[in-house]
Amino acid sequence: MKTIAVAKGYLMKDALHLLESVGIVFDMNVLESRALSFVDHSKSWTLLAVRPWDVPVYVARGAADFGIVGYDVLAEQQQHVSVLKNLKFGPCSLILATVLSDSPFVLEHNVRVATKYPKCAERWFCEQGIKVRLIKLYGAVELAPLTGLADIICDLTATGTTLKENGLSVVETLFSSTAQLIANPSAMAFYYDDVSELLSKLG
């Protein structure tokens with residue numbers, strides 16, 4: 001039986017629709033159930049509903065053969081997984097944002113950056129030749145520039161609504177992110193025919 005780890009939250013609904021489109025249908029209502037693992041009708045697949053940040057870990061360490069997770073998580077973690085396909089749903093962007101002002105924000109050395117994506121932020125600023133002071137946060141990143149904790153934030157946004165509601169504006173877009181189908185390299189080789197059939201169905 002093959003195992004696929006799928007990120008809970010905003011990617012799950014589209015992921016389930018995608019799996020159903022290729023014949024992987026689950027008995028239980030995954031979206032409403034409190035269970036964390038589900039077996040499909042054919043008894044060929046087990047779905048693990050896990051936090052987005054845990055999906056690459058499960059796949060890289062072989063606890064799951066495949067996974068569906070956002071590119072942003074892959075870019076931050078850089079786990080040893082194989083990316084099979086860009087699934088093109090769940091679009092969002094990793095951006096820099098700060099307090100809305102009439103004057104343009106100037107990126108300069110030693111700017112304080114609050115973020116849940118320190119590795120992505122560090123790589124991007126390094127490419128720009130700018131030395132920054134990174135502040136790792138786990139939530140409510142938008143508060144950082146409003147309270148004086150940081151000058152700017154590096155965070156994920158889909159619609160920009162939360163930024164606007166907190167008086168922030170986008171300064172720069174680092175990259176765009178969508179859901180990705182990933183695999184454990186060993187599992188991909190072991191299930192080569194299944195992978196080929198799955199990718200063929202996905203188009």
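The chain has eight helices and eleven strands; helices (H or I, at least four residues) and strands (E, at least two) are DSSP runs, numbered from the N terminus. This is a predicted model, in which local features need pLDDT of at least 70 and side-chain atom pairs count only at pLDDT 80 or more, while totals for chains, interfaces and linings use all residues. Residues are numbered from 1 along each chain as its sequence is written, and side-chain values use heavy atoms, with hydrogens and water left out.

Taken along the principal axes, the C-alpha atoms of the chain fill a box of roughly 60 × 35 × 25 Å. Of the 203 residues in the chain, 45% are buried; buried means under 20% relative accessible area, exposed over 50%, and partly exposed in between, with a 1.4 Å probe and protein chains only. Among contacts (heavy atoms within 4.5 Å) with a separation of 6 or more, 66% are between residues 24 or more positions apart.

An open sheet is formed by five strands in the order S8-S7-S9-S6-S10, with mixed pairing. Two strands pair if DSSP finds at least two bridges between them. Strands S8 (132–136) and S10 (168–177) stand at the edges with a single partner strand each, so one side of each has no neighbour in the sheet. From one strand to the next the twist averages 25°, where axes are lines fitted to C-alpha atoms (for helices over the stretch in contact) and angles run from 0 to 180 degrees between N-to-C directions. Strand S7 (residues 111–115) runs parallel to S8 and is joined to S8 by five bridges. In this pairing, Ala114 has Ile135 of S8 as its bridge partner.

Asn110, in the loop between strand S6 (92–99) and S7, has phi near 70° although it is not a glycine. Its relative accessibility of 49% makes Asn110 partly exposed. Ala140, in the loop between S8 and helix H5 (143–147), is likewise not a glycine and has phi near 50°. Ala140 counts as partly exposed because its relative accessibility is 48%.

Why is S11 largely enclosed by the rest of the structure? Five of its five residues are buried, so the strand is largely enclosed. In a regular strand the side chains alternate between the two faces of the sheet. In S11, Ala179, Leu181 and Ala183 point one way, and Gln180 and Ile182 the other way.

Gln180 belongs to S11 (residues 179–183) and counts as buried because its relative accessible area is 7%. Leaving out residues up to four places away in sequence, Gln180 touches residues including Gly67, Tyr71, Leu74, Lys85 and Asn86. With Asn86, the Gln180 side chain makes a side-chain polar contact of 3.3 Å. A polar contact is a pair of N or O atoms within 3.5 Å; within protein, one must be able to donate a hydrogen and the other to accept it, and residues adjacent in sequence count only if both atoms are side-chain atoms. The side chain of Gln180 also reaches the backbone oxygen of Thr178, at 3.2 Å. Gly167 is 13 residues from Gln180 along the chain, and their C-alpha atoms are separated by 32 Å.

Asn184 lies in the loop between S11 and helix H7 (185–190). It is buried, at 10% relative accessibility. Beyond four places in sequence, the contacts of Asn184 include Val59, Arg61 and Asp65.

The structure holds one cavity of 30 Å³ or more, and the largest cavity has about 40 Å³ of space. Among the residues that line the largest cavity are Ile4, Leu18, Ile68, Leu181 and Leu202. Helix H1 (12–21) and helix H8 (192–202) are the elements that give two or more residues to this lining. On a 1 Å grid over the protein atoms alone, a cavity is a set of points where a 1.4 Å probe fits but cannot get out, and a pocket is an open set with protein on both sides within 12 Å along at least five of seven lines; lining residues have an atom within 4 Å of a point. Grid points are joined across faces, edges and corners, and a volume is the space filled by probe spheres set on the points. The largest pocket has a volume of about 520 Å³. Its lining has 29 residues, of which Trp53, Asp72, Lys116, Tyr117 and Leu156 are the closest to its centre.
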